[in-house]
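I opened this entry to keep track of what I looked up.

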Amino acid sequence: MTERPDGSDEARMSENPQSRPTPLGLYDRPQRGGLSGIEIAALVLSGLWLCGSALFFLATDSATGTESSTFDSLRFVMTLMAVFLPVAMIWVAATAARSARVMREESARLQAAIDAIRQAYVAQSQRQSAAGEPAVARKLEEIAAATRKTETALATFSSSRERARPLAPPPQPPQDDQAPLPLGTRAEDTAPPLEREEFIRALNFPETAEDEEGFAALRRALKDRQAAQLIQAAQDVLTLLSQDGIYMDDLKPDMARPEVWRRFAEGARGKPVAPLGGIRDRSSLALAAGRMKQDPIFRDAAHHFLRLFDRMVQAFEPSASDAELSDLSNTRTARAFMLLGRVAGIFD
């Protein structure tokens with residue numbers, strides 16, 4: 001059994017049909033051959049006609065046997081036309097046939113160039129799609145990581161709320177100087193009212209995992225029923241917004257004066273309270289508006305949050321100072337209200 005010697009590249013290339021070079025088409029060098037069959041046929045016909053004409057006129061002169069001493073110009077012109085006019089027609093036909101052949105070659109080269117461009121475009125598209133698959137995979141991994149991070153944060157808030165719930169004290173016999181509580185009274189109803197500063201701090205949520213004051217304010221706010229409803233609605237909205245890459249820390253709203261917040265608490269809507277919609281980030285507004293139209297879950301959560309925030313402002317404003325209203329408007333919950341309020345058209 002003999003081995004194939006080195007240098008058999010042509011055989012290997014013939015076995016691999018994809019190793020053939022791509023035709024250059026318009027940039028390929030045109031074939032420059034010698035005389036084609038058309039020119040050869042024209043030469044043969046021209047020679048035959050000239051020979052036949054010469055024999056004809058020589059035979060005619062010898063048959064008549066008369067030689068004229070005078071020059072007959074009309075006869076000379078007619079003779080030239082009879083001899084050379086057919087030759088000219090032969091070469092006109094040969095030229096036309098050659099032009100047709102050149103046009104066919106040019107058409108073939110143009111078709112080859114179009115095929116080469118199409119193949120290059122298909123190969124480039126395949127390379128781009130192959131290169132884009134890892135980027136899409138990385139994007140999906142980032143979205144999954146953000147979702148897991150959000151779920152972890154919600155689980156942290158929920159576990160913190162569960163840990164913050166006080167244990168029920170053991171039953172004690174009623175004292176003579178203390179009236180027993182009526183049946184159905186919960187511990188939340190007897191808890192002291194939530195301070196406004198702690199409530200504002202809870203609406204801003206903890207800054208970091210080490211923000212002990214923020215977590216403490218959040219746990220105390222979750223003990224209050226109305227505050228807990230608003231905080232849970234804000235958590236849902238912030239989680240859904242983070243899925244589109246919208247974070248409240250990235251938004252820099254135009255802060256409204258406390259007088260505008262008081263008019264909103266009194267029931268004013270539209271142009272009088274338009275400064276409350278201070279979010280000017282076009283990308284965040286466009287993403288939130290598209291999510292509001294396409295995602296019914298997001299739309300329901302947003303409207304529920306807006307209703308609870310509206311009720312909170314109405315109850316918070318009468319006893320709040322201008323500084324407290326300013327601090328409230330600078331929280332993450334208030335920024336979410338400004339963004340979703342603009343999308344929902346509250347300030348139009």
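**Overall**

I began with burial. Of the 348 residues in the protein, 28% are buried. I am working from a predicted model.

I looked up the accessible surface next. The protein exposes about 24300 Å². Carbon and sulfur atoms hold 58% of that surface.

Then I went through the secondary structure. I found twelve helices and zero strands. The order along the sequence reads α-α-α-α-α-α-α-α-α-α-α-α.

I also checked contact range. I took the contacts between residues at least 6 apart in sequence. Of these, 77% join residues at least 24 apart.

**Helix pair α5 and α11**

How do α5 and α11 pack, and at what angle? I noted the ranges: α5 covers residues 196-204, and α11 covers residues 322-329. Their axes are 9 Å apart, and the angle is about 15°. Angles under 35 degrees count as roughly parallel, so I logged α5 and α11 as roughly parallel to each other.

For α5 and α11 it is left-handed.

Which residues make the contact? From α5 I listed Arg 196, Ile 200 and Leu 203. From α11 I listed Glu 324, Asp 327 and Leu 328. I then sorted the contact of α5 with α11 by class. It has three nonpolar residues and three charged ones, with no polar residue.

I moved on to the loop between α5 and α6, where α6 spans 212-222. Phe 205 sits in this loop. Its phi is near 65°. That is a positive value in a residue other than glycine, so I flagged Phe 205.

Is Phe 205 buried or exposed? Its relative accessibility is 5%. The cut-off for buried is under 20%, so I marked Phe 205 as buried.

Glu 317 lies in the loop between α10 and α11, with α10 at 296-316.

Is Glu 317 buried or exposed? I read a relative accessible area of 12% for Glu 317, so this charged residue goes down as buried.

What does Glu 317 touch, leaving aside its neighbours within four places in sequence? I wrote down contacts with Arg 262 and Ala 265.

Technical notes:
Residues numbered from 1 in each chain as written. Predicted model: local features only at pLDDT ≥ 70, side-chain atom pairs only at ≥ 80, totals over all residues. Heavy atoms only, no water. Axes fitted to C-alpha atoms, helices over the stretch in contact; angles between N-to-C directions. Helix = DSSP H or I, 4+ residues; strand = E, 2+ residues; numbered from the N terminus. Parallel < 35°, antiparallel > 145°, perpendicular 65-115°, else oblique. Left-handed = near helix turned anticlockwise from the far one by under 90°. Contact = heavy atoms within 4.5 Å. Buried < 20%, exposed > 50% of the residue type's maximum accessible area, 1.4 Å probe, protein only. Areas by Shrake-Rupley, 256 points an atom, 1.4 Å probe, with all protein chains shown as cover.
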